[in-house]
Amino acid sequence: MPPLGCPLWLAEYRASQPCPGCGPTPRDGTRPHRALAALHTALMSQRMNWVLDADIRSLFDSVDHEWLMRMVVHRIADPRILRLIRMWLEAGVFESNELHETQRGTPQGEGISPLLANIFLHYVLDLWVHQWRRRHARGRVSIVRYADDFVTGFESKADAEKMVVELKVRLNQFGLTLHEEKTRLIAFGRLTALACARAGLPRPRTFAFLGFTHYCGWTRDGRFIVKHKTQSKRMTRKLNELRRDAWRRMHAPLTYQHRWYVSVLRGHCAYYGMPHNWRSLAGFRQALRRIWFTCLRRRSQRSRSAGWDWFDAVTARYPLPSVRITRSWAQQRI
């Protein structure tokens, strides 16, 4: 974990690129929950009143090879490694028995692709935001980034609006653009939530980051807190994939099906088991039960007349684990 004096602490959270000279090893702090914890800490303790929910359009297809190689040279001097990276970038794509050369972008499906994109954004975005904050910002500015997803918080609305304009110019210099429909500047934070509550207005708008919808809430004793729940689009996409996989396993033995459903449910809770997300977890478990029930009823003509009482007897023999919160508040702190 970087020391508090590190210029990239919280303000430039990066997934796998350590802070030069004082950061962790490349394998430390790479989990998305670390980025979520950094975002939660910034929103709760850094007086953030505005949030820029930004999205870069087709990052992995828009990386400029020449700019990327110039950035890699800053940290790598071995010509053999540089030549190998150049070969990766220019390998091309084999599609419909034809080889298409790639002039831009990182190799899709390769393990090095997110690493190269992360290096590119480190120089294009991270270091620039740190410099911009020191020179132009009048209030606090924090940015949390994981791979190509990043959220920026501002104390001042003027800083936020100025950042949006200059960020577009900065990205255009390197062949990148912001997705206009997915990029939003919203009022968010404790002061905004208090103003809405006093005026009798609905709570502030929400934003999504790493599969979670973040929204303003209150504790039982009336204190402000940032809560998060499973993003509805992610939930829908996961359930659609689950239905397709369940139909393929419909005629498998019950022991095999039960083992697979249990692994899906535990894996879902391992990632989405954040505080205040129990209702979404329970909804996912209920939807999973319904999918299993539907598949078992369609196994034969005879089983279509079976009802929920019959399925409850099946799940009594092959029980599904209960959902639980797997991430504590202590793990949320940086």
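Biologist: Which residue in β9 is the bridge partner of Phe207?

Modeller: This is a predicted model. The general idea comes before the case: strands of a sheet pair through backbone hydrogen bonds, either parallel or antiparallel. Here, Phe207 has His214 of β9 as its bridge partner. That pair belongs to a set of three bridges between β8 and strand β9, residues 212-218, and the two strands run antiparallel.

Biologist: What is the order of the strands in the open sheet?

Modeller: The order is β8-β9-β10, three strands with antiparallel pairing. The edge strands are β8 (207-209) and β10 (224-230), each of which pairs on one side only. On average, neighbouring strands of this sheet are turned by 40 degrees against each other, with direction ignored.

Biologist: How many bridges join β9 to β10?

Modeller: There are seven, and the two strands run antiparallel. One example to find in the structure is Tyr215, whose bridge partner in β10 is Lys227.

Biologist: Is β10 largely enclosed or exposed?

Modeller: On strands in general, the side chains of a regular strand alternate between the two faces of the sheet. In this case, six of the seven residues of β10 are buried, so β10 is largely enclosed by the rest of the structure.

Biologist: Which strand is joined to β5 by bridges?

Modeller: That is β6, residues 149-154, joined to β5 by six bridges and running antiparallel to β5. Val141 is paired with Phe154 of β6. β5 and β6 also form a hairpin, this one with two residues between the strands. Ala147, in the turn, has a positive phi of about 60 degrees.

Biologist: Why is β5 described as largely enclosed?

Modeller: Strand β5 covers residues 141-146, and five of the six are buried, so the rest of the structure largely encloses β5.

Biologist: Now a helix. What span does α9 reach from its first C-alpha to its last?

Modeller: Helix α9, residues 254-272, has 19 residues and reaches 27 Å, close to the 27 Å expected at 1.5 Å a residue.

Biologist: Which residues of α9 are buried?

Modeller: The general idea is that an α-helix has 3.6 residues a turn, so residues three or four places apart point the same way. The buried residues of α9 include Gln257, Trp260, Tyr261, Val264, Leu265, His268 and Tyr272.

Biologist: What covers the buried residues of α9?

Modeller: The cover includes two strands of the open sheet, β9 and β10. The helices α8 (232-248) and α10 (278-297) are also among the elements that cover them.

Technical notes
Residues numbered from 1 in each chain as written. Predicted model: local features only at pLDDT ≥ 70, side-chain atom pairs only at ≥ 80, totals over all residues. Heavy atoms only, no water. Buried < 20%, exposed > 50% of the residue type's maximum accessible area, 1.4 Å probe, protein only. Helix = DSSP H or I, 4+ residues; strand = E, 2+ residues; numbered from the N terminus. Pairing = 2+ DSSP bridges. Axes fitted to C-alpha atoms, helices over the stretch in contact; angles between N-to-C directions. Expected span 1.5 Å × (residues − 1). Contact = heavy atoms within 4.5 Å.
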